[in-house]
Amino acid sequence: MFDSPRPKLVLVGHGMVGQKFLEQLHAQSPGAFEVTVLCEEPRPAYDRVHLSSYFSGTTAQQLSLTPDDFFACSGYALNLGEGAASIDACAKTLVTTKGRTLAYDTLVLATGSYPFVPPLPGKDRAHCLVYRTIEDLEAIAASAKVSKIGTVVGGGLLGLEAAKALKDLGLTTHVVEFAPRLMAVQIDDLGGRLLRRKIEQLGVTVHTQKNTKEIIDGETAHHRMVFADGGHLETDLILFSAGIRPRDELAKSSGLAMGERGGICIDNHCRTSDASIYAIGECALWEKKIYGLVAPGYQMAEVAAKQIAQSSTPSPVPHPPVFTGADMSTKLKLMGVDVASIGDAHAATPGSLNYVYSDEVAGIYKKLVVSADSKILLGAVLVGEAEDYGNLLQFALNAIPLAANPEDLILPVREGGAKKGLGVDLLPASATICSCNNVSKGALCAAIDAGNTSIGALKKCTKAGTTCGGCSPLVKQVLDAELKARGFTVENHLCEHFAHSRQGLFHLIKMGSIKSFDAALIAHGKGRGCDICKPAVASILASLWNEHILMPKHQAIQDTNDYYLANLQKDGTYSVVPRIPGGEITPEKLIVIGEVGKKYGLYTKITGGQRIDLFGARVEQLPLIWKELVDAGFESGHAYGKSLRTVKSCVGSNWCRFGVQDSVGMAILLEHRYRGLRSPHKIKFGVSGCTRECAEAQSKDVGVIATEKGWNLFVSGNGGMKPRHATLLAMDLDDATMIQFIDRYLMFYVRTADRLQRTSTWLDNLEGGIDYVKQVVCEDSLGIAAELEAEMQGLVDTYECEWKKAINDEETLKRFKHFVNSPEPDSNIQFVDERGQIKPRNALTKETV
């Protein structure tokens, strides 16, 4: 096939970076080299970034990064289960672990790294594992079957990913970290404190400033971890995730230049001290730095591939590609918590200044690090909310001058204002949008010009957003902006699995009478679905058909709260919130709640929504508690669902001398009518008996205020982090008309809102705003009023209490146990007494803050 012998290239290591190198080499010089690939593992390269998804059902094949036909098309030879044992640099040969001798003209080392295990006594005991490969995950899953408690040693990025894996396996989970905070490299003390609190609220116990001295036999578990401060921790499974070390032993034994603390020294072309040997990825040391993220490894792979490809061309290239370091900014979701770090997050630059926003109640922390003149963004930390990451990263990477009041970039929107940010139109073509795959804005625009006008096509063409996914929102912004500039209509697709907006998908499911997620996926989607579309479709199905959410066909698409019909609390227990319509309760029912709270040792609290919360219930106690409450006439309060929560009311005209209407009676009528209504987000009502507004109705999604002539109806208000005053929809309504208007308004919202969009945000983003809503709801401008009312009446007529349904279904009851392999309760849930009630042992108090 070839006229002359081709240069021989051997690649040692076939991980993510190795595969990226092969793709780049094949793209640059197809067929120019005789390539042999040595891969120690039994399978080709796979996605280590999303390794934890293996425990939630993702298969090894789905994690694979190697197209099925890649090696057949490229002609490269892949050798699985075979590594390199030694290198003879002078002879340009290497010996494999199977004893073969391979000659090379060019050698590329992509040997990666290995998990660091602290050299402490007991580290090699059974059920002491690491978290790195699919084989490691299989060993963890096997160990979890005979374990109840799992502990991760290391509180960095990998450690928290490992903690999620243990949590997904149903283990009581601990994280032990030597540093004083989690993610010490990426975030500061305040961000670390908030991250710790949010992680602990998810049921993971965090131990910081703990130096493990040894691991010995446990008294109540497989192991006892003995700490240097004299403390200890009993655990069944130990997962070491305390950082990585470069796999450089092969290079070291062959005489290549090494760093003082390890790593293969490379130059700007990724060449080692031997010009015929390259090193890329986590084994390579550039300017005394080891890069532990995939993005720098991909950049090295691209540089090495282009350098090697150009070396085979007859004429030299005037400006060969170089590696000049990489941005270590990162955005990820750790156990459901958004965390992002950009640039100089610790303000190490001389003269740098900080802008800090902290809302510990909402669980949000943001920090900007700026230059001494406040003109250039040097770094940032985001915890709890990271939607600003893309814009902030572009400010930092491109040294774009900041406007006055840089703090507005992280502060909540001021009343009457709009969120400040950097429009993608202002980004230069050279701006890097995807750091993992080194994709610039210019490259995205060129791909769009070439016909890649969908997010899926754009990702496939450029690889942007296909690795860590952190840049996906910005990629979408660039796509939308460029399409609009070209006169295209921009589609609002739900996700990559459904090429429809939530509104469009709602109508397709309705018109097709689709009753399950699988049926929706077959009819209108593709793939297996994701964490975006599954709960969104679940909400649509419930809004349309009112089927019980615990039916087998819906179980796999529910989140934890819906799965257990209760709110998960920070210590792993649940809260139980019975419905108390309008806040009205008889003494007999009040006594029942007290007796239940006393019997099960629950913390009781009257809420702002005029209900009584019962906290501290273990998962196996939930059906028992519900039965007693249901037998007394209570129903589920749906505090766990995206649905109607409460209808708050004042005492009204029956008791108050200022009241002009029966606000309690109206509140009870409304709560009974709309209970259980599943919607894009939670809904709250308020009913006030006069304009003194004691029920705070104008801060609710639906607010009703009594007048001498009837009721004024307000909509789309909400409290919370970004309060919005409700807007008047109609005045002086009689009871029947008001309910008619509420039916229409709610069903119109359910039909047209985006996923997880509150009514306030929906109205603000709705073209035409309140005037359009008035036309649809009050004037029936679209001719759908009767249809909206009929849909609501259908939901009212088919309502069932989810608690009552659950306790009468033996199959459903089987899930209510803490351990998947044991009926025993979680003995690690512990309480202490405070003010005559329980509280979690690790909870903060006013005295301890």
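Residues are numbered from 1 along each chain as its sequence is written. Because the model is predicted, local features need pLDDT of at least 70, side-chain atom pairs count only at pLDDT 80 or more, and totals for chains, interfaces and linings use all residues, while side-chain values use heavy atoms, with hydrogens and water left out.

**Confidence and overall form**

The mean pLDDT (the predictor's confidence in each residue, from 0 to 100) is 88, and 93% of the residues reach 70 or more. Over residues 844-849 the pLDDT falls below 50, and beyond near neighbours in sequence this stretch has six contacts in the model; a contact means heavy atoms within 4.5 Å. Where pLDDT is low, the predicted coordinates should not be read in detail.

The C-alpha trace spans about 100 × 70 × 55 Å along its principal axes. A compact globule of 849 residues would have a radius of gyration near 29 Å, and the 30 Å of the protein agrees with this; the radius is taken over C-alpha atoms, and the globule rule is 2.2 Å times the number of residues to the power 0.38. Of the 849 residues, 52% count as buried, that is, under 20% relative accessible area with a 1.4 Å probe and protein chains only. Among contacts between residues at least 6 apart in sequence, 62% join residues at least 24 apart.

The protein has 26 helices and 38 strands, taken as DSSP runs numbered from the N terminus (helices H or I, at least four residues; strands E, at least two).

**The parallel sheet and its helices**

Five strands form an open sheet in the order β3-β2-β1-β7-β19, with parallel pairing; two strands pair if DSSP finds at least two bridges between them. β3 (77-80) and β19 (277-279) are the edge strands, each pairing on one side only. Neighbouring strands are turned by 15° against each other on average, direction ignored. Four bridges join β1 (residues 8-12) to β7 (residues 106-109), and Val-12 has Leu-109 in β7 as its bridge partner.

Helix α1 (residues 16-28) lies across β1, β2 (34-39) and β7, at about 155° to β1. Helix α8 lies across β1, β7 and β19, at about 160° to β19. Axes are lines fitted to C-alpha atoms, for helices over the stretch in contact, and angles run from 0 to 180 degrees between N-to-C directions.

**Nonpolar cores**

A nonpolar core is a set of buried Ala, Val, Leu, Ile, Met, Phe, Trp, Tyr and Cys residues joined through side-chain atoms within 4.5 Å. The largest has 89 residues, and those with the most contacts inside it are Phe-21, Leu-25, Leu-109 and Ile-280. Its largest share, ten residues, comes from α8 (residues 294-311). Phe-21 touches residues including Leu-9, Val-108, Ile-280, Ala-301 and Ile-308. Another core, of 57 residues, lies apart from it and includes Leu-544 and Trp-711.

**The antiparallel sheet**

β4, β5 and β6 form an open antiparallel sheet in that order. β4 (84-88) and β6 (101-103) stand at the edges with a single partner strand each, so one side of each lacks a neighbour in the sheet. The twist averages 25° from one strand to the next. Ser-86 stands opposite Val-95 in β5, and Val-95 is in turn the bridge partner of Thr-101 in β6.

| Hairpin | Residues between strands | Turn residue and phi |
|---|---|---|
| β4 and β5 | four residues | Lys-92, about 55° |
| β5 and β6 | four residues | Gly-99, about 90° |

How values were computed: Buried means under 20% relative accessible area, exposed over 50%, partly exposed in between (1.4 Å probe, protein chains only). Lists of a residue's contacts leave out its neighbours within four places in sequence.
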